[in-house]
Amino acid sequence: MSRESILSRVRAALSEHPRRDHPGHLEGERAPGDVLARFAERFRESGGEVQQFGSLEEARAWLDEFTCDFESVAVSSWVPDEVRPGLREEEPQAAELGVSVARLAIAETGSLLLDSREGRAVQLLPPTHLVWVWTSGLRDRLSEALEEVREELPAALALHSGPSRSADIGQITVKGVHGPGRVIAVVVPRPGSADLPDR
């Protein structure tokens, strides 16, 4: 069967169905104060963990305690000095912990928007992934986030909604098959360093 005959059959089948407009946003408008709570709820529903701190000092104290369970880390160059773990740094394939920064976080889907310029290896190879989320980077809707980044697109953008999961074999869900089995989003005010990448 030729390509044109296949397309002709598809067009004929579609002509019998009325065209429908895109429904747009399926949810009502939300108050701005709900954005963090909704992101945290949805991210946790997908198996992720969320920590929230009102200051860098609180976040730093938590980080020092959290990293006691790890011996090595791979850290993105986008992570500011104020929140870099004091662990031995390794290549991502050998590190126990990966630390990166979300470009944005989306409440609607409970997703972290990660930028490939940061280094996908840090985001995917260590079995545990800690992601800093600046409070200024929380967005209500996916469409809003994508519109915001459209003028400055990297080679790839990734949406991470909790740990890696697969049910390819026997429909049994297994964590950590294609990426980290544990993902922690840490929401904190962004450090004021002038040399941070403008994202």
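## Surface and overall build

About 11300 Å² of accessible surface belongs to the protein chain, and carbon and sulfur atoms hold 50% of that area. Keep in mind as you read that this is a predicted model. Of the 199 residues in the chain, 41% are buried.

The secondary structure consists of five helices and 12 strands. Among contacts in the chain with a separation of 6 or more, 69% join residues 24 or more positions apart.

## Helix α2 and what covers it

Let's start with helix α2, which runs through residues 34-45 and has 12 residues. From first C-alpha to last, α2 reaches 16 Å, close to the 16 Å expected at 1.5 Å a residue. Just after this helix comes glycine 47, whose phi is positive at about 100°.

Which residues of α2 are buried? They are Val35, Leu36, Arg38, Phe39, Ala40 and Phe43. The cover over these buried residues includes several strands: β1 (49-52), β5 (104-106), β6 (111-115), β8 (138-139), β9 (157-160) and β12 (182-188).

## Serine 100, inside strand β4

Serine 100 sits in strand β4, which spans residues 97-101. Is serine 100 buried or exposed? Its relative accessibility is 0%, so serine 100 counts as buried.

Leaving aside residues up to four places away in sequence, serine 100 touches Ser76, Val79, Glu118, Val122, Gln123, His129, Leu130, Val131 and Trp132.

On the surface you will find a nonpolar patch formed by Ile6, Val10 and Leu14. Together these residues have about 260 Å² of accessible area.

Isoleucine 6, one of the patch residues, lies in helix α1, residues 3-15. With a relative accessible area of 40%, isoleucine 6 is partly exposed.

## Salt bridges

Side chains of opposite charge can pair when their charged atoms come close. A search of the whole structure turns up 13 salt bridges, and a few are worth a visit in your viewer.

One of them joins the side chains of arginine 88 and glutamate 90, with an N to O distance of 2.8 Å. Arginine 88 is partly exposed at 45% relative accessible area, and glutamate 90 is also partly exposed, at 30%. Another salt bridge pairs glutamate 148 with arginine 139 at 2.6 Å, N to O. Here glutamate 148 is partly exposed, with a relative accessible area of 42%, whereas arginine 139 is buried at 14%, because buried means under 20% relative accessible area.

## A linked network of charges

Which residues are linked in a network of salt bridges? The network holds Arg103, Asp115, Arg117 and Glu152. Within it, arginine 117 bridges to aspartate 115, and their closest N and O atoms are 2.7 Å apart.

How do these two partners stand in terms of exposure? Arginine 117 counts as partly exposed at 39% relative accessibility, while aspartate 115 counts as buried at 1%. Strand β6 (111-115), part of the cover over the buried residues of α2, is a handy landmark for finding aspartate 115 in the model.

Terms used
Residues numbered from 1 in each chain as written. Predicted model: local features only at pLDDT ≥ 70, side-chain atom pairs only at ≥ 80, totals over all residues. Heavy atoms only, no water. Helix = DSSP H or I, 4+ residues; strand = E, 2+ residues; numbered from the N terminus. Expected span 1.5 Å × (residues − 1). Buried < 20%, exposed > 50% of the residue type's maximum accessible area, 1.4 Å probe, protein only. Contact = heavy atoms within 4.5 Å. Areas by Shrake-Rupley, 256 points an atom, 1.4 Å probe, with all protein chains shown as cover. Patch = residues over 30% accessible without salt bridge, like charges linked within 9 Å, V, L, I, M, F, W, Y side chains within 5 Å. Salt bridge = Lys/Arg side-chain N within 4 Å of Asp/Glu carboxyl O.
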